[in-house]
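Q: I would like to learn how to read the features of a structure from its coordinates. Please take them one at a time.

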2 protein chains.
Amino acid sequence: MFACRKFLKNHFVAIAAIGAVCIFSAFMPIRTNEAKSAHPLEVGIAGYTFAKFDLDKSIAMMKRLGVHYLSVKEIHLPLNSSQETIDAAMAKFKAADINVYTVGVIYMKTKEAVDLAFSYAKKCGVTMIVGVPNYDLLDYAEEKVKEYNIRLAIHNHGPEDALYPGPKDVYDRIKNRDARMGLCIDIGHATRAGYSADKAVKDFKDRLFDLHIKDVSIAAKDGKAIEIGRGVINFPALVKALNKIGYKGICSIEFEKDMTDPLAGIAESIGYFKGVAATEE
Amino acid sequence: MFACRKFLKNHFVAIAAIGAVCIFSAFMPIRTNEAKSAHPLEVGIAGYTFAKFDLDKSIAMMKRLGVHYLSVKEIHLPLNSSQETIDAAMAKFKAADINVYTVGVIYMKTKEAVDLAFSYAKKCGVTMIVGVPNYDLLDYAEEKVKEYNIRLAIHNHGPEDALYPGPKDVYDRIKNRDARMGLCIDIGHATRAGYSADKAVKDFKDRLFDLHIKDVSIAAKDGKAIEIGRGVINFPALVKALNKIGYKGICSIEFEKDMTDPLAGIAESIGYFKGVAATEE
């Protein structure tokens, strides 16, 4: 018995470790190619990507890229547009099978800018604004969220942004507000601000409304825009996190490199993201 | 000691099972975002992709795409080029950080064509030819493989090809020949010929030298070239198969859509493949 006890004692750690490995193995996801997520991740475009192109050229590029979701930027449809102008633009998008799911990024430095943003969003028929309200306008923006029943996803802009450098700077200011106030996490700027994309998605999942996806050359202030997959952001981890939280929003590419000739870079970025998403499903 | 023996006897199956699970676990790829395959899959370009462009424009596109491996097509460097012409082209590739890892696809319908292909490959300094020899030239081609010590990867061309519609049509004709005779599996044509890419890779792993990767709209003769990820080929399964067999060759994109304006489609294809590969590692 002594020998047996000794055997068990000597091997207890090993046996416990074996047990732990087995339990761990049982909980490891067994991925098959047939298993598809109930909510496959949808790719969109953040309108700023096409800052150097007019509406028609932007639509033509989206058609070629096979992308059907757009966050309209005021470059392509000014904030003070009439209902008729907006309707005409929306008809063009519809004809190209493009779903305008939000507007932005819209900066709100005055009450008038908040008013304009919500009235514009309503005219556009969207249920969400991606915006950057000054701190002292958050109360007023919250009133408008309730009045219009339009969600506000606040966008972070990186270390040089005095208001919202990273996603936590947004979250901390909206977490106790109306549930229709949340985040559009810009994963490139978040990474430059020291917040990894996958961690941000998990940490702020209850208020994550929209995503601007991109890659950056280094995880520091001086990080430059680069094709998705060529930079430092861990996309398999991001997609895993999005699947884990059951993200149902859009993943909008915001490509800020080669802006006068961006098609190849956007295409590579979309391809990479879709490839990761197809494999992580 | 008896009790101990009894314990061991009673628990032998359990311990053996634990052991088996542990051994199995040890061989299961534990994917972490840091862990990279010992042989990450390398993306290249099959020269035919740039059929509508000259050498300099092709190199410029490869630089932009960040691709460093090329299968040179005679469109860009004719088979009867002098050593000086070939050296000048190779210097251009080297300056652009492009590794010419093979030549082809070269059709061999006569003994002279076989001679020319091997002499060209030698002048190019490559150790592999991607080719399509007529059946009655296989003996002669095998002699040349031995004489030059240059591998010959035979390329399949789909249902309409009288010689090698699918990869099995290649394999059956070389499996008992010199080990330096093998396959360049064109996964698009293979799929159109009814042979799935992942199955082909596994079935012919012992003679798989090169890959032409692409996607097709349907798995039938009429399938059309399409951006990788938009068609029917299961790339997660393909990458899994390549990792399983420990493929150490190049995965060369052969993009045959939008051939006068292919950059966006190639970029999307490369992005998708890299995204899958990054996730399956």
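Q: How many helices and strands does chain A have?

A: Helices are DSSP runs of H or I with at least four residues, strands are runs of E with at least two, and both are numbered from the N terminus. Chain A has ten helices and ten strands. This is a predicted model, in which local features need pLDDT of at least 70 and side-chain atom pairs count only at pLDDT 80 or more, while totals for chains, interfaces and linings use all residues. Residues are numbered from 1 along each chain as its sequence is written, and chains are lettered from A and ligands numbered from 1 in the order in which they are written.

Q: In which order do the strands of the chain A barrel follow each other?

A: Two strands pair if DSSP finds at least two bridges between them. Eight strands of chain A close into a barrel in the order β1-β2-β3-β4-β5-β6-β7-β10, with parallel pairing. From one strand to the next the twist averages 30°; angles run from 0 to 180 degrees between N-to-C directions, and axes are lines fitted to C-alpha atoms, for helices over the stretch in contact. One of the pairs joins β4 (residues 128–133) and β5 (residues 151–155) of chain A over four bridges. There, A:G131 has A:I154 of β5(A) as its bridge partner.

Q: Which strands does helix α6 of chain A lie across?

A: Helix α6 (residues 167–174) of chain A lies across β5 and β6 (181–186), and runs at about 180° to β6(A).

Q: Why are α4(A) and α5(A) called roughly parallel?

A: Angles under 35 degrees count as roughly parallel, over 145 as roughly antiparallel, 65 to 115 as roughly perpendicular and the rest as oblique. The axes of α4 (residues 111–124) and α5 (residues 138–148) of chain A cross at roughly 25° and come within 10 Å, so the two helices are roughly parallel to each other. On the α4(A) side the contact is made by A:K111, A:V114, A:F118 and A:K122, and on the α5(A) side by A:Y140, A:A141, A:K144 and A:Y148; contact requires C-beta atoms, placed from the backbone, within 7 Å. By class, this contact has five nonpolar, no polar and three charged residues. Ala, Val, Leu, Ile, Met, Phe, Trp, Tyr, Cys and Pro count as nonpolar, Asp, Glu, Lys and Arg as charged, and the others, Gly among them, as polar.

Q: At what angle do α10 of chain A and α11 of chain B pack?

A: Each spans residues 263–280 of its chain, and the two pack at an angle of about 30° with their axes 6 Å apart. Therefore α10(A) and α11(B) are also roughly parallel. The residues of their contact divide into 16 nonpolar, eight polar and six charged.

Q: Which peptide bond at A:V105 is cis?

A: Most residues other than glycine have a negative phi, and most peptide bonds are trans. The bond from A:G104 to A:V105 is cis, with omega near 5°, and A:V105 lies in strand β3 (residues 99–108) of chain A. In chain B, the bond from B:G104 to B:V105 is cis, with omega near 10°.

Q: What is the phi of A:D258, and where does A:D258 lie?

A: A:D258 is not a glycine, yet has a positive phi of about 45°. A:D258 lies in the loop between β10 (250–253) and α10 of chain A. A residue is buried if 20 or more other C-beta atoms, placed from the backbone, lie within 10 Å of its own, exposed if 12 or fewer, and partly exposed in between. A:D258 counts as partly exposed because it has 15 C-beta neighbours inside 10 Å.

Definitions and conventions. Contact = placed C-beta atoms within 7 Å.
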